[in-house]
Amino acid sequence: MNMQAQNRQTAAETALLDSYNAQIGELPGNGAVISARDRLVDDLKTNGLPTRRVEAWHYTDLKTLLRSIPASGPASSVRNPAPLVDAAALIKTRQGEADGNVSVDGIVVGSYADMLREGTAAPGLSVIDKDDTIGKINGSFVRDGYVLEFPAGAEIGQPIEIQALHGAGQAHTRFPVSFGAGSKATVIERHIQTTDGQAFVSSVSDISLEDGAEVTWIVVQEQGADDTHLAQVRVRVGNNAKLRLFVINAGGKLVRQELRIDVAGEGADLQLRGVNLLGGDTHTDVTLVLGHNVPNTTSTEIFRNVVFDRARGVFQGMIKVALDAQKTDARMACNTLLMSDDAEFAAKPELEIFADDVQCGHGATVADIDDNHLYYLMARGIPHNKARAMLVNAFVAEIVEELEDEALVEALEAIISNWLEKHA
Amino acid sequence: MLEIRNLHARIAEDGTEIIRGLNLTVKAGEVAAIMGPNGSGKSTLSYILSGREDYEVTEGEILYNGENILELDPAERAAKGIFLAFQYPVEIPGVATMQFLKVAMNEQRKARGDAELSTPDFIRKVKEAAAELKINPDMLKRPLNVGFSGGEKKRAEILQMALLEPKLCVLDETDSGLDIDALKIVADGVNALKSPDRAVIVITHYQRLLDYIVPDTVHVLYKGQIIRTGDKQLALELEANGYADIIGQAA
């Protein structure tokens, strides 16, 4: 009885498999890629979407939450949003396919569809572990994306914006990006809704930082109110490399943002910052799996979450410190403002420490707006909603301001205040 | 300008009655001092005037320019020109002082139907007012009140008052925590705002502040009622003899 219930295919699961069958012969890929795809789809078919019984998906029961999947369709939008910062070089995908020919001074830009056709993409279509549902879905359906190569020593002053435009329908993209030794760059990965109607999006960024690379990588998720967004950032940080990773979620109906980070080189440093703006009847899950795998590495992780209406948020933060990763210093914090009685946030920090000489800490807070602060602002003539928005802004601004780059800070603050104007 | 009639109020949370039948009239152009021992309801009165939600008015009314303001929230009252300089201004991390000043000034202007200030006009006004109050411009770069000393906080309150140009200024123990130099600066700031269409209510424990901000009327508040009203002589009398005599007479 139980087994039957577990194996019953949901409408979304059926639609997913049907969608794959409908695209056989159409999805790009040589023999190796096609067999990799087939294996992933078989896995999805056999195991189904994860339920709350799967620990990694305990707070995001995908089988229940994912109600339907739109058909994959051609791009219908011609919307061309401006880049987040004026100076940025734009690299666009539209409905999961490369949009226009792209060249950016100083870096090598290739087509991921070509990698699929040539078969060089096949090894990367593997999953990280058996619960890597995003890897499975993306590997099955991915059509295109960009391969970026920052040559060793390159200092790219101009920010690069990967602008992934998603309208109604499906889009599955992948971005393998390598930063050569000693290179410096800022990359903005932005997912934007372009038309109304339900979008089903999966995206995997596969990033490596070679020795001494210094990278700022910013993920901006602004999908539509009906959209499902399943995304993964896979990172490997090499010797003495520094990664500043900033993630902002300000959209979507059902969102899972996974950060799978391997701190793999001595002297490496990760600064992870996240802002989650949640409202309406939405569900947003940020799951971090961070491995400190060698000695002498440092990381800090700070998330600020603001939850309005009946929204639900999840943060799972797993830090694993390997047996020989002595002198690791890792600090994680997850702070949440609950703005309504029906808002929910689940924070699950996990530390798995096998080394004995490390500094590791985590803290989680949940609070409401401070009434004394609200009263003070109102006593100066600032109306209730505006005062509330100012205080929410203050709560998240601290994290944004750490980025220091003035244009970036301003652009991100604008996203936050626009979002608050619509939801607060 | 302000007429409080038979006001009764209690703490919303536990129902403790603090104001018990208070009557007070303050005319435009007047400086009124409210004095009284600890726990007499002075701060509570200032909070109730500003519209703080923690207090519940159970009886009576507060007329401001003839309008009952009890149904208005703090922002609406502020936009109508009521300003409370707090005894303990709160620190608000993450809210930049300049941004706060600009939003407050413009929201009040909007509520009154005036055009918003341009940024250069705004900056000029702040610089001028800050210089008058001997406020270090670096202080304005910090988040609101964060890391300000006690004296800096009080001066920042008077700066806000000068910029917002309220009609009814309520100063809640603005002298506490000020040294004599700071006290003079703050008093000068208040005196500069005195005008025939503006009233000032000074709440204080001590006569000292009243040497610098000279009151037209002095009211003694005790157990939630005004038990004695007089002119500035009354404050001197209190300074010399304490509250015991007056309380004894009232009882």
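Analyst: H2(A) and H6(A) are roughly parallel to each other, a label used for angles under 35 degrees, with over 145 counted as roughly antiparallel, 65 to 115 as roughly perpendicular and the rest as oblique. The axes of H2 (residues 11–22) and H6 (residues 133–141) of chain A come within 10 Å and cross at roughly 25°; axes are lines fitted to C-alpha atoms, for helices over the stretch in contact, with angles from 0 to 180 degrees between N-to-C directions. Helices (H or I, at least four residues) and strands (E, at least two) are DSSP runs, numbered from the N terminus.

User: Which residues of H2(A) and H6(A) make the contact?

Analyst: Leu16(A), Ser19(A) and Tyr20(A) come from H2(A), and Ile137(A), Ser140(A) and Phe141(A) from H6(A), where contact means heavy atoms within 4.5 Å. By class, this contact of H2(A) with H6(A) has 4 nonpolar, 2 polar and no charged residues, with Ala, Val, Leu, Ile, Met, Phe, Trp, Tyr, Cys and Pro counted as nonpolar, Asp, Glu, Lys and Arg as charged, and the others, Gly among them, as polar.

User: What are the ground rules behind these values?

Analyst: This is a predicted model, in which local features need pLDDT of at least 70 and side-chain atom pairs count only at pLDDT 80 or more, while totals for chains, interfaces and linings use all residues. Residues are numbered from 1 along each chain as its sequence is written, chains are lettered from A and ligands numbered from 1 in the order in which they are written, and side-chain values use heavy atoms, with hydrogens and water left out.

User: Switching to the interface, how many residues of chain B are in contact with chain A?

Analyst: There are 29 residues of chain B in contact with 15 residues of chain A. Across this interface the rule finds 2 salt bridges, each a side-chain nitrogen of Lys or Arg within 4 Å of a carboxyl oxygen of Asp or Glu. Glu157(B) forms a salt bridge with Arg380(A), with the closest N and O atoms 2.6 Å apart.

User: And how many salt bridges over all chains?

Analyst: The search of the whole structure finds 37. Among them, Glu161(A) and Arg190(A) meet through their side chains at 2.8 Å, N to O. Glu161(A) lies in strand E5 (residues 160–166) and Arg190(A) in strand E7 (residues 184–193) of chain A, so the pair ties together parts that are 29 residues apart in sequence.
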